[in-house]
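Happy to go through this one with you.

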Amino acid sequence: MIKYSNNKRSSSLGVGSSSILIIFVLLCIVTFAILSLVSANADKTLAEKNFLYAQSYFVAENKAEKNLTLIDTTLSDVFEKANNEKSYFSLAKKSLADIEGITVIEDENLYVDYSFDLNPKQKLVVNLQIIFPLENNGTYKILKWQVQKSSSWQPQEEINILK
């Protein structure tokens, strides 16, 4: 005689293990959501800093362009009054010295310097060489138009790592 047993073994996962799997998946999703939120916040902060820098740069550049237009107009007026190259540079030096915010430097040539602050650490620096206008070559030559540090770098004091 053959006996059959009603003891069947179940090969399915229990309720506890499926709950653990669902909890693990939810923890992964929440972790990735938090990481995405932190990353998006960092991107927003960086975008705001870039916006403020670009805005301050273009405000300073606009001021520099207005100054350049004023200098060009002044030099054109001086050219009309000047009789020769020597009188042109003499009149140009006097006329440009009256413009607020610019520095006139004379050595072998005549130079004009001015700058505008972008932020407490940087400024837009413009350096021009004044030239005698011949055959529509202009009244100045731009030598420098760049962003520079406002102050010099100060090294930190010595740091004692080993005490």
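Q: Is Leu21 buried or exposed?

A: This is a predicted model, in which local features need pLDDT of at least 70, side-chain atom pairs count only at pLDDT 80 or more, and totals for chains, interfaces and linings use all residues. Residues are numbered from 1 along each chain as its sequence is written, and side-chain values use heavy atoms, leaving out hydrogens and water. Buried means under 20% relative accessible area, exposed over 50% and partly exposed in between (1.4 Å probe, protein chains only). Leu21 has a relative accessible area of 54%, so Leu21 is exposed.

Q: Which helix holds Leu21?

A: Helices here are DSSP runs (H or I, at least four residues), as are strands (E, at least two), numbered from the N terminus. Leu21 lies in helix H1.

Q: Which residues touch Leu96, not counting those up to four places away in sequence?

A: Contact means heavy atoms within 4.5 Å. By that rule, Leu96 touches Ile71, Thr74, Leu75, Ile102, Val104, Val112 and Ile130.

Q: Why does Thr139 count as buried?

A: Thr139 sits in the loop between E3 and strand E4 (140-149). Thr139 counts as buried because its relative accessibility is 6%.

Q: With which side chain does the side chain of Thr139 make a polar contact?

A: A polar contact is a pair of N or O atoms within 3.5 Å; within protein, one must be able to donate a hydrogen and the other to accept it, and residues adjacent in sequence count only if both atoms are side-chain atoms. Residues touching Thr139 include Leu75, Ser76 and Tyr88. The polar contact, at 2.7 Å, is with the side chain of Asp72.
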